[in-house]
Amino acid sequence: MKIKKVMVTVCLLLFMPMNFFYDAYPDTVPCLTNDDIQKLQAGTIIITKQKQKTGDGQIARVTGAICIHKPINEVWKCLMDWESMPRYVDSLDYYNIVAKMSDDVLIIEGQLHVTFIKFRYTLIVNSNKSKYYQQWRLLQHSDITRYNLQNKTNPNSGGIKNIEGYQYCVPYDDTTTILYYAPVVAVSVPVPGFIEDSLTKKSIKDYLYGIKNYLEKVK
């Protein structure tokens with residue numbers, strides 16, 4: 001029962017952003033082979049796994065990439081509109097913007113569900129339009145003090161040791177965008193690596209296909 005609960009938690013929260021952000025933005029856009037490009041154009045998601053250095057050491061980062069037949073500014077607008085995300089992520093109940101700290105930093109509360117289990121959590125999201133890059137992590141108690149949010153929200157992160165990630169857009173041409181999505185979740189109770197890896201990949205696919213299907217239906 002305990003393992004089952006942890007598995008559900010990992011699956012849920014992988015859909016989604018340390019007291020400061022660790023800038024995980026890659027120095028160069030990942031090199032795609034001709035085979036990768038053909039798969040992306042055909043609607044397939046490319047998933048890669050690699051070790052990545054962080055401020056605390058090293059993590060195994062799983063990244064998904066998908067081709068969306070929309071200009072980059074339209075894709076970016078979708079990524080910035082967190083409150084509309086329930087339209088294309090079935091397990092998401094809501095996202096509310098709790099506070100806007102600046103044009104680039106938002107505090108967002110959300111709730112996801114699987115069957116009868118609901119999970120609430122609060123994120124701090126940092127966006128960089130010049131790079132079409134967005135990074136998120138769990139809200140910490142120190143953030144609440146720093147931004148004077150005592151009467152507005154709380155961390156809401158039961159069962160999760162850490163959650164963070166990033167996503168960014170790269171234009172393929174004037175009408176097509178490649179979206180990269182790389183979430184990381186650490187749960188309080190250890191689970192087998194192959195289970196966590198499988199759930200990560202499933203969550204990446206559900207999220208990316210959700211955005212692609214939603215945007216490509218928009219006229």
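Trainee: Is Trp136 buried or exposed?
Mentor: Trp136 is buried, with a relative accessible area of 1%. Buried means under 20% relative accessible area, exposed over 50% and partly exposed in between, with a 1.4 Å probe and protein chains only. Bear in mind that this is a predicted model: local features need pLDDT of at least 70, side-chain atom pairs count only at pLDDT 80 or more, and totals for chains, interfaces and linings use all residues. Residues are numbered from 1 along each chain as its sequence is written, and side-chain values use heavy atoms, with hydrogens and water left out.

Trainee: And Trp82, buried or exposed?
Mentor: Trp82 is buried, at a relative accessible area of 3%.

Trainee: How many aromatic pairs are there?
Mentor: The structure holds 10. Rings of Phe, Tyr and Trp (its six-membered ring) pair if their centres lie within 6.5 Å; planes under 30 degrees apart count as stacked, over 60 as edge-to-face and the rest as tilted. One of the pairs is Trp82 with Trp136: the ring centres are 6.3 Å apart and the planes stand at 75 degrees, so this pair is edge-to-face.

Trainee: Where do those two sit in the chain?
Mentor: Trp82 is in the loop between helix 3 (72-80) and strand 3 (92-100), and Trp136 is in strand 6 (residues 133-138), so the pair ties together parts 54 residues apart in sequence. Helices (H or I, at least four residues) and strands (E, at least two) are DSSP runs, numbered from the N terminus.

Trainee: What about Tyr95 and Tyr121?
Mentor: Their ring centres are 6.1 Å apart with the planes at 80 degrees, so that pair is edge-to-face. It links Tyr95 in strand 3 to Tyr121 in strand 5 (residues 117-128), 26 residues away. Both tyrosines are buried.

Trainee: Which residues do ring pairs link into a cluster?
Mentor: Trp82, Tyr95, Tyr121, Trp136, Tyr181 and Tyr207.

Trainee: Switching to the core. How many residues does the largest nonpolar one have?
Mentor: It has 33, and Met85, Tyr95, Leu179, Tyr207, Leu208 and Ile211 have the most contacts inside it. A nonpolar core is a set of buried Ala, Val, Leu, Ile, Met, Phe, Trp, Tyr and Cys residues joined through side-chain atoms within 4.5 Å. A second, separate core of 11 residues includes Leu40, Cys67, Val170 and Tyr180.

Trainee: Which residues are buried in helix 2?
Mentor: In helix 2 (residues 34-41), Asp36, Ile37 and Leu40 are buried. On the other side of the helix, Asn34 and Gln38 are exposed.
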